[in-house]
Structure formats: structure tokens, C-alpha cells
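Morning, everyone. Please bring up the model on your screens, and I will walk you through it.

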Amino acid sequence: MVASEPALSVVVPMYNEESVLPLLVARLRGVLDALGEPYEVVAVGDGSTDHTAVALLAARRQWPQLRVLRLRRNSGHQPALIAGLMRARGAHVVSIDADLQDPPETIVEMLRLARDQNLDIVYGVRADRRADTAFKRWTASVYYRMMRRIVGNHVPAHAGDFRLLSRAAVEALRELPERAPVLRLVVPWLGFPSGEVTFEREERAAGRTKYPLSRMIALAADSVTSFSAAPLRVATWLGLAGVAVCGVLVVVAVVAYFLGATVSGWPSLYVAILFLGAVQLLCLGLLGEYVARIYTAVQARPAYYIAEDSDTTSPASMVDSLK
């Protein structure tokens, strides 16, 4: 490792986090300074509409290890996180959200575990979800069960984007052809030696959540369609079920015809039309999801553009890709 390279990089995606930024700087800096090692904090400004960008530049004047990476537009949480990972220079890279729900103090334990056991990945895993609503607990449980069934049991339950990666793991991510992967599934898929550190998730320190229900649903849809063709197989099975039901209804119709009760059979026809129409629309929707992904991949548009990097050793304008 080159002497100028930090031992640790911390990547923090930020979108409209002006209110929480002073709390984050005070708490994160205290933890990292106590390590006694060279480090950098890569704050990725994801096209904020408040004064987050100005506050970051002001904080950087007092905190030389703070590095500001500004994207040209709001690209989303995952692309912003990937932008930070691709630009981070540390031997170990930790990703953490700005809301302080994931305690920065856990970084010390994650780094110690990675070094003691020679691990490439250390996940921050929630100890429990008692603070969540019953609906949030249920949806999270369904999501992780579904992901573990699709990707494999190596996907840690209740682990989000709070994780530590070695330089080798980051370089492996860089080699992937996907332009916008779901990291909480891709990282376990890499197969590097991994461990877990549990923590108590705290309340958001300030501001409002950036992950409403609509974004959670979108994340679940991206997770499924990125890693599995199972929905297409569901469409196939629904089609077979529709054929079977129609076969039964044909038999019923023929029997009713010979019994002279064809007029009274209109409910069966009505139900059959509704059922087949619903199955066809569902199958078209599932096919559309995958066609849309193919279309996006063929376009090959970058997931983000970097407008500015306060690290003067890096190009000011650059598009990073995962390959």
C-alpha cells in the first residue's frame, strides 16, 4: 500500500442531510480520530436541494480528512454509494448512512474483526427490530426470507448497507458488468470471507427518512429482478394454471350443452375471461420488468456523473463504472 493511501475510508451518501450533518461530523470524527491511523471520509453529495453541499465544504475547512464528492444530479442511494466506493482509496472501506441510525462506534469493532480474522467483508447486523412498527418488521422479514431463498443463505438477515469491505472486495465489485447493482445482495454473492457485528439501531438523529415505502418497494423489485428469473417462472406456472382451468371449463361447457343448460353457464364464462385477462396482464407486466432491464443495459448509461471531487489528485469530472 502506498504511504499516502489511508488505512480506512468511510463512504457516506448524502441527500438533504443539512440538519444532521453537524451531529454526524462531531460523532464520526471522534471515532475515527481515536483510531490513530490515516483515514478519509468520502461524503457523496447526491444532488441535494438544501444546503448540504455548502455545509460539507464548510466542514471540510475544519476537517482535512473529509473529502467531498459531488454528483451532477440526484442519482439515488445505491448509485451514490457505489460512486463513493469506487473513489475510496482506503485498504478497508466502510459504508454508512448519514442519519446516525447505524452507530459510527461500531466501525472500530468491524475493523478489528476484519483484521483479527483476516476477513474481506464485515456486515453490520441489527440486533433486533423492536423499535420498528409491526408492518416494518413483517415486510423486512418477508424481504430477507425471499432474498435468502433467491440468492442463498449467505445473505445475512437484517443487514443493510452498513458494512466493511477490504480493498480486494472493492476491486471485485469494480469488475462487475452491472451498472447499478443492489449491493446488499451483490456483496454476499462475491463469496469473500465474511463476518458479522451486531448493533442496536438508533433513531434518526435529525431530518426525515429518505427511504419511504415506495423506495422500499422499488428496492425489493430491483433485488428480485436483478438476481432471479423466478418471476418469469411464476408467469409460466400461472399460464399453465390458466390452461388447466380453461380445460376444466371447456368440459363443463360441453356437459352443460348436452344437458341443455348452456344459458345458466354464463358465470363460468365470466370468471374464465376475468381470470385469463388477469393472468395475461400479470405475465406481460413481469416480462415488461425484464425487458426494461435489458433496455437499460443496452443503453449503457452511467448510473451517475461526478461533478467535483475535493481530492485534487483525482480528475474533477469522471464517470466511474463497475468495469
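First, a caution. This is a predicted model. Please keep that in mind throughout.

Now the overview. The protein chain has 10 helices and 8 strands. It runs to 323 residues, and 42% of them are buried. Take the contacts between residues at least 6 apart in sequence: 81% of these join residues at least 24 apart. The exposed surface comes to about 17000 Å², with 62% supplied by carbon and sulfur atoms.

On to the inside. Which residues touch the most other members of the largest nonpolar core? They are Val-10, Val-12, Leu-28 and Val-41, out of 33 residues in that core. Several elements give two or more residues to this core, among them strand 1 (8–14), helix 1 (21–33), strand 2 (39–45) and helix 4 (106–116). Strand 6 and strand 7 (194–199) are also on that list.

Look at Val-10 for a moment. Leave out residues up to four places away in sequence, and Val-10 still touches Leu-28, Leu-32, Glu-40, Val-41, Val-42, Val-94, Ile-96 and Ile-107. There is also a second, separate core. That one has 28 residues, including Leu-71, Val-125, Ala-159 and Leu-183.

Next, helix 4. Its buried residues are Thr-106, Ile-107, Met-110, Leu-111, Leu-113 and Ala-114.

Helix 6 is the second example. This helix covers residues 167–174, and Ala-169, Val-170 and Leu-173 are buried there. Their arc around the axis is only 100°, so they sit on the same side of helix 6. The general rule is that an α-helix has 3.6 residues a turn, so residues three or four places apart point the same way. What covers the buried residues of helix 6? The cover includes helix 3 (77–87), strand 4 (92–95), strand 5 (121–126), strand 6 (159–166) and helix 7 (183–189).

Now some loops. Asn-16 lies between strand 1 and helix 1. Its phi is positive, about 55°, although Asn-16 is not a glycine. Asn-118 also has a positive phi of about 55° without being a glycine. Find Asn-118 in the loop between helix 4 and strand 5. Asn-118 is exposed, at 63% relative accessible area.

Asp-102 is in the loop between strand 4 and helix 4. Is Asp-102 buried or exposed? Its relative accessibility is 4%, so Asp-102 counts as buried. Setting aside neighbours within four places in sequence, Asp-102 is in contact with Ile-96, Asp-97, Phe-162, Phe-199 and Arg-201. Asp-102 and Glu-203 are 101 residues apart in sequence, and their C-alpha atoms are 9.1 Å apart in space.

Back to the surface. Val-251, Val-255 and Leu-259 form a nonpolar patch there, with about 300 Å² of accessible area together. Val-255 belongs to helix 9 (residues 230–258). Its relative accessible area is 43%, which means Val-255 is partly exposed.

Last topic: salt bridges. How many does the structure hold? There are 12 salt bridges.

Start with Arg-29 and Asp-33, whose side chains meet at 3.3 Å, N to O. They are 4 residues apart in helix 1, so about one helical turn separates them. Arg-29 is partly exposed at 26%, and Asp-33 is partly exposed at 40%.

Glu-171 and Arg-167 form another bridge, at 3.0 Å, N to O. These two are also 4 residues apart, this time in helix 6, with about one helical turn between them.

Then comes a bridge between Glu-308 and Arg-70, at 3.4 Å, N to O. This pair links distant parts of the chain. Glu-308 is in strand 8 (residues 306–309), Arg-70 is in strand 3, and they are 238 residues apart. Both count as partly exposed: Glu-308 at 37%, Arg-70 at 33%.

Methods
Residues are numbered from 1 along each chain as its sequence is written. This is a predicted model: local features need pLDDT of at least 70, side-chain atom pairs count only at pLDDT 80 or more; totals for chains, interfaces and linings use all residues. Side-chain values use heavy atoms; hydrogens and water are left out. Buried means under 20% relative accessible area, exposed over 50%, partly exposed in between (1.4 Å probe, protein chains only). Contact means heavy atoms within 4.5 Å. Accessible areas come from the Shrake-Rupley method with a 1.4 Å probe; for residues, only the protein chains shown count as cover. The arc is that of the directions from the helix axis to the C-beta atoms. A nonpolar core is a set of buried Ala, Val, Leu, Ile, Met, Phe, Trp, Tyr and Cys residues joined through side-chain atoms within 4.5 Å. Patches are made of residues with over 30% relative accessible area and no salt bridge: like charges are joined within 9 Å, nonpolar side chains (Val, Leu, Ile, Met, Phe, Trp, Tyr) within 5 Å. A salt bridge is a side-chain nitrogen of Lys or Arg within 4 Å of a carboxyl oxygen of Asp or Glu.
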